[in-house]
Amino acid sequence: MVTLRQLRYLSALARFGHFGRAAEACAVTQPALSMQIADLERTLGVKVVERRPGEVFLTEIGREIARRGEDLLTASRDLVDFARHRAQPLTGRLTLGVIPSLAPYLLPKLLPLLQQRYPELRLELRESQTRQLVTEVGSGALDAALLALPAGNRELDAITLFDDEFLLAVPADDPRPETATVAVDEIDQSRLILLEDGHCLRDQALAFCATARNRAIAIGGTSTTTFGASSLTTVIQMVAGGYGVTLIPQIAAEIERRDTRVKFLRLRRPQPGRTIGLAFRKTSPRRQDFEALGEVVREGVGGRSSMAQPAA
């Protein structure tokens, strides 16, 4: 009979493409993992892996078995979660993903509250870009993720937490006072500094600027040049050095405004922004946990208002 252990080992092989690394990830010896894969092949009567010196490939049928096995592994984790966490919320292990443009600004507010209110919670955090987090939540590798909605996956549900408005960060010597408001078509997009490709905040900022850019092109043409950085802190340092301007979420501006070389201007209404939410699998039995976590997040950010937003 096929076992969950065999499916877990096959999943690791599919992910790493190497017996040694897969065994290390599963905390077993390489011979033990190899033996379980061989037993799986004998049970099913098919070859699931193609062995080559130093690497391994899943066969076509092996990839399909691994894909179906992921569904079974996710269901088994949900079953365990149901049994362990139905008594009281936020106890035991919870794996949580957070996007990079949120983690360094929200976690310092969130973690002390969680430790105080739910001391039996064992929180494991992963910071990564939205696409990777959505994939890992869907596969069961993560229980939930804090990110900008919509998550873009119909298999996920989401709890809307708070709205995070965008501000325009400019050098402190910019002639406009901090009380000024700026229209989108007043932003010099040739000096716009954004996060590198793959960050949802970059996509949101570009989408917001698209209307003004199209309007400028219609009037007489303009060119837009954007430079990518790996973190908002790096972007702010570039702005502070006079290399350009950027759009930054308000939750980040609360921390980054400590740099007196930068100031933040509000944008004219309708003010652009993003909606932050907690995404999780629709089949997860831990909705009570996620709702409790969401309440702590709202408290941590000062009870900001939120607006309804679909998960997909």
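Author: What follows begins with the pocket and then turns to helix packing and to backbone details. The model is a predicted one, and the description should be read with that in mind.

The largest pocket holds about 1,000 Å³ of space. Its lining is made by 31 residues, of which Arg15, Arg77, Gly140, Ala141 and Leu142 are the closest to the centre. Two or more lining residues come from each of helix H1 (4-16), helix H4 (60-85), strand E3 (92-98), strand E4 (121-127) and helix H6 (130-139). Among these contributors, H4 gives the largest share of the lining, with 9 residues. Sorted by class, the lining of the largest pocket has 11 nonpolar, 8 polar and 12 charged residues.

One of the lining elements, H1, also packs on another helix, H3 (residues 30-44), their axes being 9 Å apart and the angle between them about 110°. Since angles of 65 to 115 degrees count as roughly perpendicular, H1 and H3 are therefore described as roughly perpendicular to each other. Their crossing is left-handed. On the side of H1 the contact is made by Arg5, Gln6, Tyr9, Leu10 and Leu13, and these meet Ala32, Leu33, Gln36, Ile37, Asp39 and Leu40 of H3. By class, this contact of H1 with H3 is made up of 7 nonpolar, 2 polar and 2 charged residues.

The crossing in which H5 passes H10 is right-handed. From H5 the contact takes Leu106, Lys109, Leu110, Leu113, Leu114 and Arg117, while H10 brings Leu293, Val296, Val297, Glu299 and Gly300. In this contact of H5 with H10 there are 7 nonpolar, 1 polar and 3 charged residues.

Two backbone details complete the account. Most residues other than glycine have a negative phi, and most peptide bonds are trans. Against that background, Ala27, which is found in the loop between helix H2 (19-25) and H3, has a positive phi near 60°. The peptide bond that joins Leu149 and Pro150 is cis, with omega about 0°, and Pro150 has its place in the loop between strand E5 (144-149) and strand E6 (156-171).

Notes:
Residues numbered from 1 in each chain as written. Predicted model: local features only at pLDDT ≥ 70, side-chain atom pairs only at ≥ 80, totals over all residues. Heavy atoms only, no water. Left-handed = near helix turned anticlockwise from the far one by under 90°. Helix = DSSP H or I, 4+ residues; strand = E, 2+ residues; numbered from the N terminus. Contact = heavy atoms within 4.5 Å. Nonpolar A, V, L, I, M, F, W, Y, C, P; charged D, E, K, R; others polar. 1 Å grid on protein atoms, 1.4 Å probe; cavity = no way out; pocket = protein on both sides within 12 Å on 5 of 7 lines; lining within 4 Å. Points joined across faces, edges and corners; volume = space filled by probe spheres on them. Axes fitted to C-alpha atoms, helices over the stretch in contact; angles between N-to-C directions. Parallel < 35°, antiparallel > 145°, perpendicular 65-115°, else oblique.
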